[in-house]
Amino acid sequence: MNGVETKEKSPMGLKVKIPELIMILMSFAFARVGFYEYFYTVGIAYVGSLYEKTEIRKWSILFATLGVFSLMRFDVGTLKYVLMIGLISLVRKWLEMNHKECTLQNQLVSTFASIFLVDLLSTLIQGFNLYTCAICIVEALVGMALTYIFACGTSIILQRRQTPLTSKESISITIMLALAVAGALDFYISVPICKEIYFRDMVAYIILIAVTYLGGANKGVTMGIVMSSLLVIIGYISPAFVAIYALTALVGGVFLPIGKWGVILGGLIGQLVGFSIFNGGRLDWSLIGAYGIAAVISFIIPKNYFGIASWFLEKSIEQNEQIHLERIQRIMTTRLKHIVRGFEQLGDSFEKVRPKRMEFTPKDMRNIIEDTGEKLCVDCSMKQFCWVQDLKTTYQHAYEMIDTFKDKGFISEASIPPLFKEHCPNASNFAYVMSFKLDLLRQNTMWHNRFIENRALMAEQLKAVSTTLNSLVNEIEKEIYFNKEEENLLKENLLAQGIHLKDAMVLENKGKIQSIEIYTSKQDDDYPDIMASVIEDTLGYKVALESMMSREENYEYKWKIKNTYRVTAGYAICAKEEISGDVYTFMEVDDDQYLLALADGMGSGRVAYEESAATIEMLEDFMESGFRKDLAVRMINSALILNDDDEVFSTVDVTLIDRKTGMAEFLKAGAATSFILHDGDVMPIRMNSLPIGIVKDVDLEIKHVQLHDGDILIMITDGILEASGDILGKEKTFKHFILECKGQAPQYMADYLMEKSRDLLGVQVGDDMTIIVARIWKEH
């Protein structure tokens with residue numbers, strides 16, 4: 001595909017160019033792709049698309065036929081698709097004999113007719129009805145559509161295209177590459193740690209790395225979703241891996257500016273994140289090993305990927321502000337919309353579960369009775385009496401034993417009805433076998449219910465990710481714009497102050513300025529002070545320099561709006577054992593949000609600490625990734641319930657302060673009361689809810705409180721308020737401690753309140769105790 005005219009000689013003596021050889025070999029792989037192990041229309045459509053050259057037409061038919069037979073399914077279905085290939089071959093032979101040219105139009109008709117006629121013949125033989133007739137028409141239409149799609153891609157390869165692909169061509173190539181992976185012959189090599197590394201996984205990752213490196217995250221994510229979705233359809237991987245493939249490409253694309261090794265490293269990070277979120281935290285060492293080999297091979301492959309790198313080049317565009325905005329929106333929204341759709345579809349698929357079955361059905365019980373009788377009574381001399389003459393009594397005794405099993409969980413010797421024991425020579429064995437089968441059915445029912453619950457939890461997590469990403473897409477697509485009026489005014493004032501200005505951009509979101517970027521052709525030590533003064537006078541905002549970068553002789557100053565409020569925090573911890581089971585965090589989530597959180601794991605000591613630490617770490621990651629507080633807590637709840645080891649639950653106390661407005665949002669899941677000190681008065685913040693990790697549908701309540709300059713927020717774990725020595729009343733005593741404190745520095749107050757709480761207990765500490773104190777005040 002790099003334009004070289006060198007010819008390769010195939011093992012059968014056919015001289016073909018490399019692109020043509022690739023096309024022929026791909027017909028073998030495409031013929032092996034079947035949907036739901038029944039429809040192998042892809043191979044027929046691909047043969048229909050290879051009509052341009054005579055030699056390719058002939059050899060593709062042979063290799064497609066071999067691909068069908070390689071499935072090792074010598075039945076009517078296999079014969080049906082071989083006949084379709086044969087019909088296409090006969091039509092082409094007729095066209096050649098009559099000196100007619102093979103065109104896309106007549107090949108579309110040929111493909112449709114071949115599929116429809118063979119399907120129709122098959123249904124007539126096996127039993128004709130309207131439904132099977134409709135399936136014939138649908139498969140023929142799908143085959144014709146795929147032929148058109150493949151024809152676009154095969155033309156690009158055969159022409160050794162050296163120019164960027166259009167959207168239609170990109171779709172065609174993406175689908176063809178994904179199908180080639182799906183239909184490849186699979187084998188594995190045994191490697192320590194990774195155990196088995198499969199060839200198909202390795203090829204998939206090579207393609208994913210190449211597309212992400214050459215086309216960026218947008219095309220990489222598209223390839224990942226399409227390729228993994230096809231692998232799901234053919235039953236090769238589970239649906240959860242669609243998200244893992246997408247994250248691999250997405251994070252790899254984020255590291256694209258670093259180069260090929262950045263894409264590979266980012267892809268590995270994305271894959272590990274995907275395993276942690278969508279694979280229950282379990283690493284698939286086989287896939288990691290395949291990715292490692294793919295990474296090595298990708299390093300060896302030339303940067304131009306044998307000439308196909310030109311397919312992914314972007315066309316030059318005029319660099320003005322409006323086009324710049326449109327480009328930002330296009331890249332970000334298209335990059336994310338594919339992922340949103342993937343997560344939505346995964347969530348929908350996981351929600352489609354059957355209702356839980358909590359009890360034995362009459363059919364279950366009847367089947368167990370009959371199955372037990374068939375195994376134990378077949379050669380019994382009493383069979384005629386028990387199962388024909390006195391059948392009603394036999395069933396009555398069996399149901400009595402089943403009732404005993406429901407009550408006790410087993411059928412003992414004493415539980416066998418006396419009359420049954422008297423008549424049946426094998427009564428003990430009958431009771432034992434039936435008890436065993438009932439226990440097995442109960443276990444299966446329990447696992448069935450657990451499986452349904454896990455699917456529902458996974459659906460909830462996928463929906464949460466989809467909601468968050470969709471919000472981000474809408475925000476980027478609809479609400480980000482450049483304020484032209486303010487930009488022009490700012491440019492005039494900067495030029496008037498002697499700034500060697502090249503450009504200035506004022507980026508707004510939701511009616512608020514998010515950032516101001518100023519580009520100059522010269523750097524001066526006085527520029528930051530001058531710019532800050534001009535921005536404040538022109539726009540009326542106090543700003544802070546976020547970053548300054550230089551590229552050759554271009555200099556970029558990025559400014560952000562200063563927040564109205566500032567937050568500082570302190571903490572105090574008292575552990576019941578050597579390690580406290582309480583874990584806290586306070587941090588800036590983004591430019592205008594401040595997060596304070598407490599988690600109290602079940603019990604105390606290291607086990608409780610690990611539970612709390614995991615909860616806080618997940619909360620930090622989710623919040624920094626843009627998840628809403630409630631969605632973040634729900635995802636953590638699902639993760640804890642899905643834990644296979646033990647019951648794990650934790651209280652969660654979250655406060656998010658908007659540093660622009662001073663509005664505080666409180667969310668509690670089983671957490672203790674928080675307190676706000678305002679103008680000498682203490683206001684409690686209480687909510688009634690269960691800790692996370694107990695029930696699937698966690699009930700979350702959010703309260704909003706407007707904070708003011710000088711307000712102090714106190715968050716505590718339940719070890720403070722549940723002290724057995726609190727003889728004055730839990731909250732009342734702690735309120736008194738707050739009002740009694742003379743200093744208002746957060747760290748001083750935290751230490752003071754902890755000291756007073758410990759003094760109240762004396763030497764006894766019944767639980768871990770943690771206090772966070774935060775103070776908010778206006779910036780000046």
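Predicted model: local features only at pLDDT ≥ 70, side-chain atom pairs only at ≥ 80, totals over all residues.
On the α7 side, the contact involves S170, T174, L177, A178, L179, V181, A182 and G183. Their partners in α8 are R200, V203, A204, I207, K219, T222, M223, V226, M227, L230 and L231. By residue class, this contact comprises 13 nonpolar, four polar and two charged residues. Helix α7 covers residues 167–183, and helix α8 covers residues 199–233. The two helices pack with their axes 6 Å apart and at an angle of about 30°. Because angles under 35 degrees count as roughly parallel, α7 is described as roughly parallel to α8. The crossing of these two helices is right-handed.

A further helix, α15, is formed by residues 391–408. The buried residues of α15 are T393, T394, Y395, H397, A398, M401, I402, T404 and F405. An α-helix has 3.6 residues a turn, so residues three or four places apart point the same way. The buried set of α15 includes H397, M401 and F405, as well as T394, A398 and I402. Just after α15, the backbone at G409 adopts a positive phi of about 90°.

H99 lies in the loop that joins α4 (76–97) to α5 (104–126). Its relative accessible area is 76%, and H99 is therefore classed as exposed, the cut-off for this class being over 50%. The other residue is D679, which has a positive phi of about 50°. D679 is placed in the loop between strands β15 (674–678) and β16 (681–685). With a relative accessible area of 72%, D679 is likewise exposed.

Turning to the chain as a whole, the model contains 24 helices and 19 strands. The chain has 780 residues, of which 48% count as buried. Among the contacts in the chain with a separation of 6 or more, 68% are between residues 24 or more positions apart.

Conventions:
Residues numbered from 1 in each chain as written. Heavy atoms only, no water. Helix = DSSP H or I, 4+ residues; strand = E, 2+ residues; numbered from the N terminus. Expected span 1.5 Å × (residues − 1). Buried < 20%, exposed > 50% of the residue type's maximum accessible area, 1.4 Å probe, protein only. Axes fitted to C-alpha atoms, helices over the stretch in contact; angles between N-to-C directions. Parallel < 35°, antiparallel > 145°, perpendicular 65-115°, else oblique. Left-handed = near helix turned anticlockwise from the far one by under 90°. Contact = heavy atoms within 4.5 Å. Nonpolar A, V, L, I, M, F, W, Y, C, P; charged D, E, K, R; others polar.
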